[in-house]
Amino acid sequence: MSIGLGLTVTLRVRIGAHDAHYAGELVDGARILGLFGDVATELLIRLDGDEGLFRAYEAVEFLAPVRAGDYIEATGVITKVGNTSRTMAFEARKVVANVRDPALSPSAADAFAEPVVVCRAIGTCVVPKDLQRRPRLVLPALSSPGPELVAKLPEPRPIITPPPHVIVTPPESPLVLTAAIVGAEVTRAHTPYLPITAQELADEAARCRDAGAAVIHLHVRNADGTPSQSTELFGEAIGRIREKTDVIIQTSTGGAVGMSVEERLGPLACKPEMATLNCGTINFGDDIFVNTRPDIRAIARRIREAGSIAELECYEVGHIHEALSLLKEGLLGAPLHFQFVLGVPGAIMPSEEVVLFMRSQIPAGASWAVAAVGRYQRPMTELAIKLGGHARVGLEDNIYLEKGVLSEGSAPLVARAAAYARSLGREIVDPDRARVLLGIPTTAA
């Protein structure tokens, strides 16, 4: 890791009445960017012994209003160090605010149990080589005392807000977004925006590509909307998608609960670039999604015979270990691509601890992504992006953009994930770059 990565500084200030610029005592966003500038200057002093220069912001996202009387905690962290450039991620959080309730005193104020994020940004500073007085000096972050220091604080302890959520993404950390645009469970009764016909699937695939998706996870439906694994229907849908866009098409071999293994393998006759491989049996709601060990091996062989790359669907930790057994048996080739499927009733539930543990079980050189169901989709997608993984969104897993607000197709869900990734400095890759990352032969494109 480059010297200086992860160096963090936090500054907390009270926003005064003189900072209010708009009606309602709203504060101009430039005030927050000014705080980020001060944080950046301290980071440069601690790393290089010089104030340096702020060159540019690559991304700025204002997320909540700031008013006079708010206490703002601004944090910066160095995420990339070049010869003279230092890339930084910033986050400003509101930790105290005036109540502004006519029934209470004008001076009434509250400290928040959970800070409110008001702004995130990515910026680059420059320190010329001849001004870098101590380029190898890295001091611990002032805002993050170690456990041994906290344990020695005298009582009563000073108030320390929860640690900031500024994320250090690995340098050169490209992101592959997948859109699951139809699935086998969601119906038009759930959402009128579900694509069913081959042309509707192609149109939605193109919209998702424009929003940032590199991979389309594909199911197909019969004319009446029921799920199908028909080779003919897949062939028609793949052909229409190919006419409109250059996405990687990843067909499902899971199909729908209750289908036979042979029926589920229908799309492999189309020789897709990728295909899913479910790595174990689970309770799937009130049903059982059966994947016996012999069936898993038979499907793995068929995927390989089709010339497709397997995405390893893991609904439990043990499914990861089963996939590793397939690698040892020669039924899979490296690099492996795992997908942690979280939130299916009867299978593993989503949490940061679960994702971190599942990630710890995959081998070096493997890639991983998260697909989470329903209301878990957004927080788990953002967690995966923060942790350097890939992510899947779309109507197959979640039909809502916000609580009670249907997403008008999968593209808005892709666009939201892409916007979040950019705010953290993640590079969203196109299909050609995704093929390289996932080990897909370019001749198959």
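## Note on the predicted model: salt bridges, strands and rings

1. **Arg86 and Asp48.** Arginine 86 and aspartate 48 form a salt bridge, with their closest N and O atoms 2.8 Å apart. The model is a predicted one. This pair links distant parts of the chain: arginine 86 sits in strand E6, aspartate 48 in helix H1, and 38 residues separate them. Arginine 86 counts as buried because its relative accessibility is 3%. Aspartate 48 is also buried, at 0%.

2. **Strand E6 and its partners.** E6 covers residues 85-98 and is mostly covered, with 11 of its 14 residues buried. Strand E5 (residues 71-81) pairs with E6 in the antiparallel sense over 10 bridges. A hairpin of 3 residues joins E5 to E6. Within this pairing, threonine 75 stands opposite glutamate 91. E6 also pairs with strand E7 (residues 109-126), again antiparallel, over 13 bridges. There, valine 96 has alanine 111 of E7 as its bridge partner. In a regular strand, side chains alternate between the two faces of the sheet.

3. **Aromatic rings around Phe90.** The structure holds 7 aromatic pairs. One of them is phenylalanine 54 with phenylalanine 90, which is stacked: 6.1 Å centre to centre, 25 degrees between the planes. Phenylalanine 54 lies in strand E4 (residues 53-62) and phenylalanine 90 in strand E6, so this pair ties together parts 36 residues apart in sequence. Phenylalanine 54 is partly exposed, at 30% relative accessibility.

4. **A second ring on Phe90.** Tyrosine 57 and phenylalanine 90 form an edge-to-face pair, 6.4 Å centre to centre, with 65 degrees between the planes. Tyrosine 57 lies in strand E4 and phenylalanine 90 in strand E6, so parts 33 residues apart in sequence are tied together. Tyrosine 57 is partly exposed, with a relative accessible area of 28%. Ring pairs link Phe36, Phe54, Tyr57 and Phe90 into a cluster.

5. **Other salt bridges.** The count comes to 25 salt bridges. Among them is aspartate 19 with arginine 31, whose closest N and O atoms are 3.1 Å apart. Aspartate 19 lies in the loop between strand E1 (8-14) and strand E2 (20-22), and arginine 31 in helix H1 (residues 29-48), so the pair ties together parts 12 residues apart in sequence. Aspartate 19 counts as buried at 14% relative accessibility. Arginine 31 is partly exposed, with a relative accessible area of 27%.

6. **Arg297 and Glu329.** These side chains meet in a salt bridge of 2.9 Å, N to O. Arginine 297 lies in helix H6 (residues 293-305) and glutamate 329 in the loop between helix H7 (317-328) and E18, so parts 32 residues apart in sequence are tied together. Arginine 297 is buried, with a relative accessible area of 11%. Glutamate 329 is partly exposed, with a relative accessible area of 43%.

7. **The barrel.** A closed barrel of 8 strands runs E9-E10-E13-E14-E17-E18-E19-E20, with parallel pairing. From one strand to the next, the twist averages 25 degrees. Strand E9 (residues 177-180) pairs with strand E10 (residues 215-218) in the parallel sense over 3 bridges. In that pair, isoleucine 216 in E10 is the bridge partner of alanine 179.

8. Separately, Arg242, Glu273, Asp432 and Arg435 are linked in a network of salt bridges.

9. **A point to check: Glu313.** Glutamate 313 lies in strand E17 (residues 309-314). Which side chain of opposite charge is nearest to glutamate 313? It is arginine 392, 4.1 Å away. A salt bridge needs the nitrogen within 4 Å of a carboxyl oxygen. Glutamate 313 is buried yet has no salt bridge. Leaving aside neighbours within four places in sequence, glutamate 313 is in contact with Thr276, Leu277, Asn278, Cys279, His319, Gln339, Val341 and Arg392.

Terms used. Residues are numbered from 1 along each chain as its sequence is written. This is a predicted model: local features need pLDDT of at least 70, side-chain atom pairs count only at pLDDT 80 or more; totals for chains, interfaces and linings use all residues. Side-chain values use heavy atoms; hydrogens and water are left out. Buried means under 20% relative accessible area, exposed over 50%, partly exposed in between (1.4 Å probe, protein chains only). Helices (H or I, at least four residues) and strands (E, at least two) are DSSP runs, numbered from the N terminus. Two strands pair if DSSP finds at least two bridges between them. Lys and Arg count as positive and Asp and Glu as negative; His and the chain ends are not counted. Contact means heavy atoms within 4.5 Å. Axes are lines fitted to C-alpha atoms, for helices over the stretch in contact, and angles run from 0 to 180 degrees between N-to-C directions. Rings of Phe, Tyr and Trp (its six-membered ring) pair if their centres lie within 6.5 Å; planes under 30 degrees apart count as stacked, over 60 as edge-to-face and the rest as tilted.
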